[in-house]
Amino acid sequence: MSDGGTPFYFQPSRQSPIAILLILARLIRSLIGQFWPLLLLLLLRKRSANSSQFWVWVGIAITVLSVVRSLVTYFRTHFYIQDDEFILEKGGFTRRRLSVPLDKIQTITFQQTFLHRLFNVVSVEMDTTGAKGSEISLTALDRDKATVLREYLLRWKKENVNATPADQEAATADIAPEVELLKLDLGALFLIGLSQNHLRSAGILFGLLASFAREIQPILGKSAYKYFEEEWGLSFNFFWTFALWIIVFFLIISVIATLALTIVRFYNLRFVQTGEGFRLEAGLFTRREQAAYLPKIQFLRWSSNPLQRLWGMYNLRFYQAAGHELRGKQTLQVPGCYPHQIATVQTAYFPASVQEQWQWHRPHRLYFRQRLFILGLLPLIGLILKTSLDFSWVWLAITLLWLPFTAWWQWKLLLRKEYGLSPDGLWVKSGYFTQSQILLLWANVQGLEVQQTFLEKRHQVADLTFYTASGEVEIESLPLPMVNSLRDYVLAKIEEPKFFEVAIT
Amino acid sequence: MLFENPQIATTDLPSVEDVNFQRLPPQALKLRTIGWCITQGIILLILLGVFLSGEIFKKQWPWIFIFSAWFLQAAYFFWMARKRFYREGYAVREKDIIHTKGFWLRTQLTVPYNRVQHVEIEQGPLARAFGLGGISVYTAGDSGGDLSISGIEYKEAERIKQFIAQKVGSDE
């Protein structure tokens, strides 16, 4: 399988000695995390010579214990592969032996904190399937060794996947050389950071400010505006200008903060197509390396808000199968993708989606009516009550504009909502401001649920939810006969993907 | 290897609507009524306790509203339990299991056997007295796709579990 003698992973191996340092660092961090109130107290209290000597000894004792503990942890941790199982022996005083069959390993993630990078080591995390998913993690492993190990595991999976019919499609792909699909430079990162939803944060801040103005009213005993006018000599107009400036100020803060976060998270992002799927490397301080193994990708979603559309950029997400405990952790996000990268990913995940005949369907108008009722009419009742009990022109304006706005918005949403059906999968297009698309292979469906509200029953329409191992995809308000036949089709497809070829009615 | 599933292999796929759903046994309704009695009883006891001990309102008349509100919701849930009970059903098919339920929102969840991770049967102390139990069928990953039926005969739950386990086993 590998060059020359037995590779290191077939015999009990230790992690890189750097692990001692990293374990110690983690231990101290968690100690500080738990006892910081105590430390704060110790630093702030009045000192007496006697007691500070005592605390110095306590400090030394804790340090010695931590060092011993990290040493023990390091020397007692071994990992190796035996009989197609990955075995991790660990534990200081109580020994634990974790063994995970290789075919249960879903994804292998490398991560590098700042310390890791200093010594060119990576931490390795393996996510496993199953309800009681025991996660395997190694604190530090030499980068080369880790790469060799990952290559072996992926190759093993590839060779043995052939045996199970469930993952057939992926196995036929040849081991292709790595292709770099996307590399984000600072300019692109800047655009991505800029295109985040700042209006939302500004809106939240505006709401906070408005409620703050109300809150301080009772404290001041009179209207806050009057207070400003009388006590500070500020006019009403000035208050609003002041508020406006605060909003602008927070908007700028939000933009800068998001920019910084984007750069920290996605710095030097590399998105690579490998023989088995895709790999993403990114991060400024902590460099994460995530792999998406093709058969484990449940569905794809890509979206763009108006600003991103202007630049032709998309935010791509892979939804991967993960154990119960790791849910949500296994979505892999690639910001700043351009249409050709989306197309590459789409072709890899769902090759037939490019040439396949898609049947496009729109939801019934009931979709609009139900959403208008919930988002338009119900809040309107509250708004009317609010305006009539506590009149102000602002609230009156909101009340009057609420229904037309939601009606217009929901109508646009209805027009944008499209469900594409094909023999192999589903394609959902939706959203007006933020437009998104989802691509799902029928083969990834775990269970189906037909839902009908009271109103939908009267109009003979229904919703259909597809549950996958990484979240759900829903189609709403389609004619009941279509939903029923689609469900039966998908059930049959799940049962015998190869021997089943009929058109969707 | 041929595709063998007579219910599906035809071009015009029979709808799940054609399936005869197995209804829950009448004891299940009794069990649910007892559950209703316990919850409503506790709410009523708390209300009575507050009513008798402290003076929250200056006058007595707000209590009329509170107790009639309690009565209305109790009656609603009593009626609802019945409505829901008669709408609930399940079907164990050759290749999948279907569970249908709900009154205002009707749902029909189908889980194919070759997606099943494991099956659990459970039985609470009250259900044991009626010989009832529940069955949960788990799929990979998301909890939304898990199917669980409660208030079927315990023996039936065991039979279904056996059947699914055998199906899941033979698939591999």
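Colleague: What conventions apply?

Modeller: This is a predicted model, in which local features need pLDDT of at least 70 and side-chain atom pairs count only at pLDDT 80 or more, while totals for chains, interfaces and linings use all residues. Residues are numbered from 1 along each chain as its sequence is written, chains are lettered from A and ligands numbered from 1 in the order in which they are written, and side-chain values use heavy atoms, with hydrogens and water left out.

Colleague: How many helices and strands are there in chain B?

Modeller: Helices (H or I, at least four residues) and strands (E, at least two) are DSSP runs, numbered from the N terminus. Chain B has four helices and seven strands. Their order from the N terminus is β-α-α-β-β-β-β-α-β-β-α.

Colleague: What share of chain B do buried residues make up?

Modeller: Buried means under 20% relative accessible area, exposed over 50%, and partly exposed in between, with a 1.4 Å probe and protein chains only. The areas come from the Shrake-Rupley method, and for residues only the protein chains shown count as cover. Of the 172 residues in chain B, 40% are buried.

Colleague: Which residues make the nonpolar surface patch?

Modeller: Patches are made of residues with over 30% relative accessible area and no salt bridge; like charges are joined within 9 Å, nonpolar side chains (Val, Leu, Ile, Met, Phe, Trp, Tyr) within 5 Å. A salt bridge is a side-chain nitrogen of Lys or Arg within 4 Å of a carboxyl oxygen of Asp or Glu. Here the patch covers about 1100 Å², and among its members are A:Ile28, A:Phe35, A:Trp36, A:Phe54 and A:Trp55. Helices H1 (18–44) and H2 (49–75) of chain A each supply at least two residues, and the largest share, nine residues, comes from H1(A). A:Trp55 is found in helix H2 of chain A; its relative accessible area is 33%, so A:Trp55 is partly exposed.

Colleague: How many aromatic pairs does a search of the whole structure find?

Modeller: Rings of Phe, Tyr and Trp (its six-membered ring) pair if their centres lie within 6.5 Å; planes under 30 degrees apart count as stacked, over 60 as edge-to-face and the rest as tilted. The search finds 39 pairs over all chains. In one of them, A:Phe454 and B:Trp104 are edge-to-face because their centres are 4.9 Å apart and their planes stand at 65°. This pair crosses between chains, from helix H14 (residues 454–458) of chain A to the loop between strands S3 (96–101) and S4 (106–112) of chain B. A:Phe454 is partly exposed at 44%, and B:Trp104 is partly exposed at 41%.

B:Tyr113 and B:Phe163 are also edge-to-face, with 5.8 Å centre to centre and 80° between the planes. B:Tyr113 is buried at 2%, whereas B:Phe163 is partly exposed at 27%.

Colleague: Over which ring does the charged end of A:Lys145 sit?

Modeller: A charge sits over a ring if NZ of Lys or CZ of Arg is within 6 Å of the ring centre and within 35 degrees of the ring normal. A:Lys145 has its charged end over A:Phe8, 5.1 Å from the ring centre. A:Phe8 also belongs to a cluster linked by ring pairs, including A:Tyr9 and A:Tyr152.

Colleague: What is the count of disulfides over all chains?

Modeller: A disulfide is a pair of cysteine sulfur atoms within 2.5 Å. The count is zero.

Definitions and conventions. Accessible areas come from the Shrake-Rupley method with a 1.4 Å probe; for residues, only the protein chains shown count as cover.
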